[in-house]
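Let us walk through a protein model together.

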Amino acid sequence: MAKLRISIVEFLNTAPLVWGFTDGPLQGKYDLSFAVPSQCAEDLRAGRADVGIIPAIEYQRMDDVVVLPGMAVAAKDEVRSILVISKMPIENVKLFAMDINSRSSVGLAKLLCRKQWGIEPEFVDMAIDPEEILQHADAALVIGDPALRVRLKLDALQAKLPLAENCCGGDADEQPAGDTPTLFIYDVAQQWREMTGRPCVLAVWVARRGAVTPEIVEDFQLSRDYGIAHIGDIAEGAALKLELPPVELERYLKDNINYSLDVENLAGLNLYFQMCAEAGLIPRAKPIEFAEALSPVRKNAAR
């Protein structure tokens, strides 16, 4: 029998969700592939994957799919890895570059432009290089590990210059965005929280209808729990790959990313869908349909 095919976003913030599959007790049980967020969504849509951790907005653009319950990549407040970087105050931005690898974050940025910042810029899709992008646009959406690198550089600069009003100045190698002399940085999840009072849900596990059983859903939950218990190990391994301090990566995974789809996060997700529908970013906000999970009685029996 063929293994279940799982498409995984190749960013640090998804690692705890899949650590049980990649480095834990479920290693080898499923067929894993790794890609950028937009490609994970396309893999699921095209039938190349049975389950994917996909941008939340893409659930609304697919038919015959269900959400795996209880799990997400979310942020209760600032996320530090989804940023708008700008060479001017955001209210003056006319040309806004959007990361072609993103979907949910693009939706969030467009909603913030309309509702929070009161601007109607021209949006252009680009491959985002934080070192160069502001040579081609007034502002840019940067996501994932590149955004986290920008934020950590900024934090390091602010630690050196605690009274500085804006970034940047100093050694060019230490600058978050290359040669841009002044940089304005906005944390998208934090701005969303300020605008709505709700958490920000960035990605969810989505499966083709009929592809997962309650026992498989349980494996995903066990993988997440195993990853959360081993965040220190994840941070140490990622530090070598990303060449970033492990203590900062551990802090990011523990303090900025939330891996549940609890009541508060679910309310934030439903509000996001509603606002996306009102803005014409999705056709409509369909109700979320969840895959069946093990009941407590069956879960205890399985153990």
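The tour below starts with cavities and ends with sulfur atoms.

This is a predicted model, in which local features need pLDDT of at least 70, side-chain atom pairs count only at pLDDT 80 or more, and totals for chains, interfaces and linings use all residues. Residues are numbered from 1 along each chain as its sequence is written, and side-chain values use heavy atoms, with hydrogens and water left out.

Rolling a probe the size of a water molecule over the atoms shows where empty space is left. Here a cavity is a set of points, on a 1 Å grid over the protein atoms alone, where a 1.4 Å probe fits but cannot get out. The model has two cavities of 30 Å³ or more.

What lines the largest cavity? It has 17 lining residues, meaning residues with an atom within 4 Å of a point. Closest to its centre are Phe11, Pro37, Ser105, Leu202 and Ala203. Two elements, α4 (104-115) and β11 (200-208), each give two or more residues to this lining. Helices (H or I, at least four residues) and strands (E, at least two) are DSSP runs, numbered from the N terminus.

Now the cysteines. A disulfide is a pair of cysteine sulfur atoms within 2.5 Å. The structure holds zero disulfides. For cysteine 40, the nearest cysteine sulfur belongs to cysteine 200 and is 18 Å away. For cysteine 200, the nearest is that of cysteine 276, 10 Å away. Cysteine 40 counts as buried because its relative accessibility is 0%; buried means under 20% relative accessible area, with a 1.4 Å probe and protein chains only. Cysteine 200, at 2%, also counts as buried.

Definitions and conventions. On a 1 Å grid over the protein atoms alone, a cavity is a set of points where a 1.4 Å probe fits but cannot get out, and a pocket is an open set with protein on both sides within 12 Å along at least five of seven lines; lining residues have an atom within 4 Å of a point. Grid points are joined across faces, edges and corners, and a volume is the space filled by probe spheres set on the points. Buried means under 20% relative accessible area, exposed over 50%, partly exposed in between (1.4 Å probe, protein chains only).
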